[in-house]
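Subject: Structure for your review

Dear colleague,

Please find below the structure that I am handing over to you. My notes on what was found in it follow directly after.

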Amino acid sequence: MRIGLDMMGGDFAPLEAVKGVKLYLDTVATDAHLVLIGDETALKPLLSDAQLDQSKYSVVHSSQVIGMNEHPTKALKEKPQSSIGIGFHLLQNGKIDAFISAGNTGAMMVGTFYSIKAIDGIQRPTISTPVPRENGSFGLLLDVGINADCKPENLLQFAILGSLYSQHILKINNPKVGLLNIGEEEGKGNLLAQATYPLLKDNPLLNFIGNVEGRDVLTDKADVIVCEGFTGNVVLKMAESIHEIAVRRNIKDDYMNKFDFESYGGTPVLGVSQPVIIGHGISKGLAFKNMIALAQQMIESKLLDKVRESFVK
């Protein structure tokens, strides 16, 4: 297993990326080999100070960096030797089994769609976010931003992808799927919600429980909550703001701490043919460590093989 990590992506790179690598190698039992992609001159002293087991990683030099505010398509075209560009080249050619970056999100999405493609049968890949619940577990909300406008068939596919992810990564047996809506009754909502409901209800791959409302998002009523990316992103950003308020007010609470993205690291792009994980631009060591662990889990669980099998059916 070879996991590629963009060491130059993010506001605190490469120092925090190195800290994440050390945390992972020190705390996670693994036979994974980490392929660290970045400027060797910048990385060498940091890796030396971290005193890592040199058999557990290798460095692939990149001479360019895609900035957070650069145009994604233009930057990938004009900077083939960037850490993101090299990462996708290695993934596309089977040199690594997963790729992680906290760098330019747009460049990561463009690189994903144009280098490794979607799994056959999937119309639109999606991204999700774990949702902290009152009982201490995590649910899943998707889509949370890359598909602002959707068709009912898209939401059906998101539900299948989310259900598989919850089952094999979050370890939820027979996950309950809910459709985010403005009322519980069948027939509620806008045209998209009304047309999606029967598709979810009739699909044998789903344990569909019906509509769920905003008040249900943080409960265990549904394990997977499906919506289009416009609504999902609003919910995600509101949840992030709750954590920011708690931090500013110095509120110490185990449940509130679960809203911190560092606790899960990053989000995988679900529906594409290889594991790609996108991190927050302000990721620090713990987030990088958790993203690497998630990549390992996705590979070991053979999640993408299970996705392929489901969409063949």
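A residue counts as buried when its relative accessible area is under 20%, as exposed when that area is over 50%, and as partly exposed in between. By this cut-off Gly266 is buried, because its relative accessible area is 8%. Please bear in mind that the model is predicted.

Gly266 itself belongs to strand 10, which covers residues 266-270. When its neighbours within four places in sequence are set aside, Gly266 is in contact with Ile277, Ile278, Gly279, Met291 and Leu294. Ala32 stands 234 residues from Gly266 in sequence, and the C-alpha atoms of these two residues are 19 Å apart in space.

Helix packing

Two packed helices are described by the angle between their axes and the distance between the axes. For helix 4 (residues 83-92) and helix 5 (residues 105-115), the angle is about 25 degrees and the axes are 10 Å apart. Helix 4 is therefore roughly parallel to helix 5, since angles under 35 degrees count as roughly parallel. The crossing of this pair, helix 4 and helix 5, is right-handed. On the side of helix 4, the contact involves Ile84, Phe88 and Gln92; these meet Ala107, Met108, Gly111, Thr112 and Ser115 in helix 5. Sorted by type, the residues of this contact comprise four nonpolar, four polar and no charged.

Helix 5 also contains Val110. With a relative accessible area of 17%, Val110 is buried. Apart from its neighbours within four places in sequence, Val110 is in contact with Pro72, Thr73 and Leu76. Of these contacts, Pro72 lies 38 residues from Val110 along the chain, and their C-alpha atoms are separated by 6.7 Å.

A further packed pair consists of helix 1 (residues 15-27) and helix 2 (residues 40-50), whose axes are 10 Å apart and form an angle of about 35 degrees. The crossing of helix 1 with helix 2 is right-handed. In this contact Leu15, Val18 and Lys22 of helix 1 meet Leu43, Leu46, Leu47 and Ala50 of helix 2. The residues concerned divide into six nonpolar, no polar and one charged.

Aromatic pairs

How many aromatic pairs does a search of the whole structure find? The search returns three, and I describe two of them here. Tyr197 and Phe208 form an edge-to-face pair, with 5.1 Å from centre to centre and 80 degrees between the planes. Tyr197 lies in helix 7 (residues 191-202) and Phe208 in strand 8 (residues 207-212), so this pair ties together parts that are eleven residues apart in sequence. Tyr197 counts as buried, at 11% relative accessibility, and Phe208 also counts as buried, at 16%.

The rings of Tyr255 and Phe259 have their centres 5.4 Å apart; their planes stand at 90 degrees, so this pair is edge-to-face. The cut-off behind that conclusion is an angle of over 60 degrees between the planes. Tyr255 is partly exposed, with a relative accessible area of 24%, whereas Phe259 is buried, with a relative accessible area of 8%.

With kind regards

How values were computed. Residues numbered from 1 in each chain as written. Predicted model: local features only at pLDDT ≥ 70, side-chain atom pairs only at ≥ 80, totals over all residues. Heavy atoms only, no water. Axes fitted to C-alpha atoms, helices over the stretch in contact; angles between N-to-C directions. Helix = DSSP H or I, 4+ residues; strand = E, 2+ residues; numbered from the N terminus. Parallel < 35°, antiparallel > 145°, perpendicular 65-115°, else oblique. Left-handed = near helix turned anticlockwise from the far one by under 90°. Contact = heavy atoms within 4.5 Å. Nonpolar A, V, L, I, M, F, W, Y, C, P; charged D, E, K, R; others polar. Phe/Tyr/Trp six-rings, centres within 6.5 Å; stacked < 30°, edge-to-face > 60°. Buried < 20%, exposed > 50% of the residue type's maximum accessible area, 1.4 Å probe, protein only.
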